[in-house]
Amino acid sequence: MKRTLHKRERIIGLLYILGLLGMLAIIILICIGRQGQTQLAKEASYQDISSSWTLDKEGRQPADVKKLGEYMDAESGVLSIYYQLPRMESDISLVYRSKDVYTRVLADDEILYETSVFESELYNRSPGNLWNMLTIHPKDSSKCLELQIYMVYDTNAITVDSLLLGDKAEIILGLFKDNMSGIIVSALLILIGIVLVVIDLLPYYGRAKKNHSLFWVGVLAFLTGVWSLIETNVLQFCVSDMRILQLIDNMLMVVDSMPLLMYLDCEYQIFKYKGMRILGYINVGYILLCVAVQYSNTGDLHHMLNGAVLLMMTTDFVLFVWVIRMLLKLKKEKKPILNCALQISGTCSLWILGIAEAVRSMHADRIDRAGLVRVGMLLLCLFLAISSQIEAHKIVEQGLKYDLISKLAYSDGLTGLGNRTAYLEQLEAYVHSEKELEQIGIVYLDVNNLKTVNDEQGHEFGDELIRIAASIIADSFGHFGKAYRIGGDEFCVLMTGSDLQDRYEKGRSIFRQLIDEANQADWYSFKVQVAHGFAVCNDFTREKIDEAISVADSEMYENKIELKKSIK
């Protein structure tokens, strides 16, 4: 059952990634097939002329640019508004923002400017969110400007605002300054997202089994940061193809709810419940549907945004309900509730600031309609990141404690080599190994005169003798296998592979050299003398391994006698 659930979770994650790749493919295809485009000029100080336009050339009927949809003739889909130019001594620029409409500017029926954008079958029908810029020359002084607006979707999706007349460079700089706080928060979200993803993927965090909630918070922060930066409407000045930003903006709104569900699954394994899996499939299914709609050109992402917003609200609500449920459960069990409190704080921050932004938008139409939402998303990502970081830290800490306990259980405290338990378990592993081993080489070693050193110089010197012997064994035979201390003065090195006799001889050469160096250094009040024997086992049954150990032990005993004779 567990394996089936895990498989379903993987399917949801893979489908989400498939949706992301589909949208990325749309962007790539647009970039490959786009055509050339020209840029415009610059001039002197500026003023906002948004309230100076009229519905007639004579200037008798003022036009409210916030209500252009009300003036639009839905049948013809065209609306004209007019502005009387002042007398000019030099060139000036007209800069205005338009969204989901095409525009054209004329002076006495002469076309000065019209919307010209990159074309692709995979784009939305509208030209997107554009800053339109045109230069007006002194020869057009005192002429009546006509701004023609061509509807793309419906009268509710018509925006022309921030009509500014003057020096283009000053206008652009002013717009950047006005939106600086939004730019900074957006950049911060992107940076936080990248940092969280990198932290989650660091090998340090791989030391213990953990979920990837930090990764999904990072993805959420990054996607939200990019969307938020586009919503500031200043990024359009930095790219040649402004239309693609609209598509990316729409795509981000479609995919942005899924990381929250993945985060919830990492934290609370929600996909083990059928209802939550259905919600996950709906999310990834909607993303894939959006990709299909855009590819087939049967519609565009603009029409899919309402569904995306609904899914985002549903997912956020599920997050809130699930965390409240966990909070009550933890409180009842008298367990720490800090993580749940952080998650609730982040969710509530997004809700409160999102509602406040909606209320603000109803009272006034502004260029940047994501101001409070991005702050809410920043707080949500920060709170979720802190919660995940606390949990990850606990898991890593537990993993490190487990590593320490394991090390103590299988390491000799005096020498740091493997202990007898580790040695016996390794022999048992050889017997039951499914891996095909060629041979086992067994080096048996015994430290001479330990009892004499303990009796005559004290146990402190005896321990020092054991440490020195262990270091020599590890630096010689230990290079070719795993070294263990299996008794008070007994050691063993286990080697596997081929050419074991040759490796033993190389190890013995290094071993003898290190013994000589230790005894010639005159650092100790005792002589270091270690007997050794060697045997090879070709059959990995318990009996054959025991026979090889007995052979190595006998050879080591003979070497011990020889060493004692050499001293006499």
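This is a predicted model: local features need pLDDT of at least 70, side-chain atom pairs count only at pLDDT 80 or more; totals for chains, interfaces and linings use all residues.
**The nonpolar core**

The largest nonpolar core of the model holds 63 residues, and among its members Y268, I270 and L380 touch the most other members. Each of the helices α4 (180–201), α5 (213–231), α6 (243–255), α7 (258–268), α8 (274–296), α9 (305–332), α10 (338–363) and α11 (371–410) supplies at least two residues of this core, with the largest share, 12 residues, coming from α9. When residues up to four places away in sequence are left out of the count, L380 touches L220, L260, L319, G346, T347 and L350.

| Helix pair | Angle between axes | Axis separation | Handedness of crossing |
|---|---|---|---|
| α8 and α9 | about 155 degrees | 11 Å | left-handed |
| α4 and α5 | roughly 155 degrees | within 7 Å | left-handed |

For α8 and α9, which pack at an angle of about 155 degrees with their axes 11 Å apart, the angle means that α8 is roughly antiparallel to α9, since angles over 145 degrees count as such. The contact between these two helices is made by M276, L279, I282, N283 and Y286 in α8, which meet G307, A308, L311, T314, T315, V318 and W322 in α9.

The axes of α4 and α5 come within 7 Å and cross at roughly 155 degrees, and therefore α4 is likewise roughly antiparallel to α5.

**The open sheet**

Elsewhere in the description stands a sheet of strands. This open sheet has 4 strands in the order β10-β11-β9-β12, with antiparallel pairing, and its edge strands, β10 (482–485) and β12 (530–537), each pair on one side only. Neighbouring strands of the sheet are turned against each other by 20 degrees on average, with direction ignored.

Within the sheet, β9 (residues 440–447) pairs with β11 (residues 490–496) in the antiparallel sense over 7 bridges, and I442 has L494 in β11 as its bridge partner. Helix α12 (residues 420–432) lies across β9, β10 and β11, and this helix runs at about 30 degrees to β11.

Notes: Residues are numbered from 1 along each chain as its sequence is written. Side-chain values use heavy atoms; hydrogens and water are left out. A nonpolar core is a set of buried Ala, Val, Leu, Ile, Met, Phe, Trp, Tyr and Cys residues joined through side-chain atoms within 4.5 Å. Buried means under 20% relative accessible area, exposed over 50%, partly exposed in between (1.4 Å probe, protein chains only). Contact means heavy atoms within 4.5 Å. Two strands pair if DSSP finds at least two bridges between them. Axes are lines fitted to C-alpha atoms, for helices over the stretch in contact, and angles run from 0 to 180 degrees between N-to-C directions. Angles under 35 degrees count as roughly parallel, over 145 as roughly antiparallel, 65 to 115 as roughly perpendicular and the rest as oblique. A crossing is left-handed if the near helix is turned anticlockwise from the far one by less than a right angle, and right-handed if clockwise.
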